[in-house]
Amino acid sequence: MALSQGWVKRYFKAFCKGFFVAVPVAVTFLDRVACVARVEGASMQPSLNPGGSQSSDVVLLNHWKVRNFEVQRGDIVSLVCL
């Protein structure tokens, strides 16, 4: 019984260490570098979501280029409301 509790305690400790490292890294990445978004509806047709309302596209929103003012003509700009 004591042996199994030691294993559980080590597993839980390792999980917590990984969790407390992974969450801040993931949040920083999603806030500063890029995030994933789903495009639905006909507003972006025909470039995105060519199937209309029955399908949706998944896009990667690049925050890095916007923060460094590297937006060029022809780029698709997305405004996100929180």
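Predicted model: local features only at pLDDT ≥ 70, side-chain atom pairs only at ≥ 80, totals over all residues.
Biologist: Why is W7 called exposed?

Modeller: The relative accessibility of W7 is 53%, and exposed means over 50%; W7 therefore counts as exposed. This residue is found in helix α1, which covers residues 2–32.

Biologist: Why does L61 count as buried?

Modeller: L61 has 17% relative accessibility, and buried means under 20%, so L61 counts as buried. L61 lies in strand β2.

Biologist: What makes up the largest nonpolar core?

Modeller: That core has five residues in all: C35, V39, L48, V59 and L61. At least two of its residues come from β1 (34–39), and at least two from β2 (57–62). The name applies because a nonpolar core is a set of buried residues of listed types, Val, Leu and Cys among them, joined through side-chain atoms within 4.5 Å.

Biologist: Which residues does V59 touch, leaving aside those up to four places away in sequence?

Modeller: V59 touches C35, V36, A37, V39 and L48.

Biologist: Which residues make the nonpolar surface patch?

Modeller: W7, V8, Y11, F12, F15, F19, F20, V23 and V27 make this patch, of about 1,000 Å². Patch residues need over 30% relative accessible area, and W7 has 53%.

Biologist: How much of the chain counts as buried?

Modeller: Of its 82 residues, 10% count as buried. The accessible surface comes to about 7,400 Å², with 65% belonging to carbon and sulfur atoms. Along the sequence, the chain follows the pattern α-β-β-α.

Note on methods. Residues numbered from 1 in each chain as written. Heavy atoms only, no water. Buried < 20%, exposed > 50% of the residue type's maximum accessible area, 1.4 Å probe, protein only. Helix = DSSP H or I, 4+ residues; strand = E, 2+ residues; numbered from the N terminus. Contact = heavy atoms within 4.5 Å. Patch = residues over 30% accessible without salt bridge, like charges linked within 9 Å, V, L, I, M, F, W, Y side chains within 5 Å. Areas by Shrake-Rupley, 256 points an atom, 1.4 Å probe, with all protein chains shown as cover. Salt bridge = Lys/Arg side-chain N within 4 Å of Asp/Glu carboxyl O.
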